[in-house]
Amino acid sequence: MKAAMLTKSSFSGARLAIKAASRRAAAVRMGARAEVGLFYSTSTGNTEAAADWISQKFEGDISDPTDIGEIDVDDLTGYSGLIVGAPTWNTGADEGRSGTAWDEVIDEIKDLDLSGKKVAVFGCGDSSSYGDYFCDAIEEVYTAMKEAGAEMVGSVATDGYDFSESKSVIDGKFCGLPLDEDNESDMTEERVAAWCAQISGEGLA
């Protein structure tokens with residue numbers, strides 16, 4: 001029994017060490033490669049697809065879209081600005097709303113020093129099936145970045161969205177860009193293009 005437990009423990013330790021090494025290697029590769037860092041995490045692939053659209057439409061220097069779970073969170077401080085995206089999977093939750101790697105790093109992000117950096121948040125949700133919790137995770141990531149001292153940009157008017165409630169509506173606007181690949185995928189490209197132009201005009205470039 002003890003031998004089996006030791007083997008399992010050794011395996012888990014090795015796996016964690018490999019994951020940490022992979023994150024460090026990713027950080028070295030991405031380092032100072034671009035001014036704006038583009039990060040996301042995804043459950044179904046929709047948020048990754050949205051990140052790809054952003055990488056195409058954003059006219060400034062930007063990193064390749066990268067899963068937030070593949071880097072050390074401290075590396076976020078190495079960019080002059082950030083564009084970050086999360087899905088809303090755990091509908092109705094107060095914490096851990098995305099159901100992705102964001103849930104594991106959100107508290108770490110709050111402890112970063114992002115002062116002087118502009119950050120914009122996007123997210124994916126389902127306004128038809130989960131209209132009472134539409135893109136709630138945007139606000140969770142937004143708040144963490146703001147607590148870290150970032151200057152938040154990229155709020156979006158609720159006009160044109162069909163939903164019931166969202167924690168991401170602050171002072172009458174979404175605190176980031178909501179996208180609905182399940183019901184309104186035909187509007188994604190246009191919404192992303194307009195938002196990218198907006199955040200560039202707000203100084204995120």
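Which residues do ring pairs link into a cluster, and what surrounds them?

Author: This is a predicted model, and the cluster in question consists of F134, Y161, F163 and F174, linked by ring pairs. The count of aromatic pairs comes to 7. Of these, the rings of F134 and Y161 have centres 6.2 Å apart and planes at 45°, so this pair is tilted. Because F134 lies in the loop between β4 (118-124) and α4 (136-147), while Y161 lies in the loop between β6 and β7, the pair ties together parts that are 27 residues apart in sequence. F134 is buried, with a relative accessible area of 1%, and Y161, at 12%, counts as buried as well.

Y161 also pairs with F174: their ring centres are 5.2 Å apart and their planes stand at 70°, so this pair is edge-to-face. Since Y161 belongs to the loop between β6 and β7 and F174 to strand β8, the parts tied together here are 13 residues apart in sequence. Both Y161 and F174 are buried.

Strand β8 (residues 173-174) is joined to β6 by 2 bridges, and F174 in β8 stands opposite V156.

The loop between β6 and β7 also holds S166, which counts as buried at 12% relative accessibility. Its side chain reaches the backbone oxygen of F134 at 2.5 Å and the backbone nitrogen of S168 at 3.1 Å. Leaving aside neighbours within four places in sequence, S166 is in contact with D132, F134, C135, D136 and F174, and two of these residues, F134 and F174, are members of the ring cluster.

C135, another of the contacts of S166, raises the matter of disulfides, of which a search of the whole structure finds 0. The sulfur of C124 has its closest cysteine sulfur in C135, but the separation is 6.7 Å, which is too far for a bond. For C175 the closest cysteine sulfur is likewise in C135, at 9.9 Å, again too far for a bond. C124 is buried, with a relative accessible area of 6%, and C175 is buried too, at 4%.

Definitions and conventions: Residues are numbered from 1 along each chain as its sequence is written. This is a predicted model: local features need pLDDT of at least 70, side-chain atom pairs count only at pLDDT 80 or more; totals for chains, interfaces and linings use all residues. Side-chain values use heavy atoms; hydrogens and water are left out. Two strands pair if DSSP finds at least two bridges between them. Helices (H or I, at least four residues) and strands (E, at least two) are DSSP runs, numbered from the N terminus. A disulfide is a pair of cysteine sulfur atoms within 2.5 Å. Buried means under 20% relative accessible area, exposed over 50%, partly exposed in between (1.4 Å probe, protein chains only). A polar contact is a pair of N or O atoms within 3.5 Å; within protein, one must be able to donate a hydrogen and the other to accept it, and residues adjacent in sequence count only if both atoms are side-chain atoms. Contact means heavy atoms within 4.5 Å. Rings of Phe, Tyr and Trp (its six-membered ring) pair if their centres lie within 6.5 Å; planes under 30 degrees apart count as stacked, over 60 as edge-to-face and the rest as tilted.
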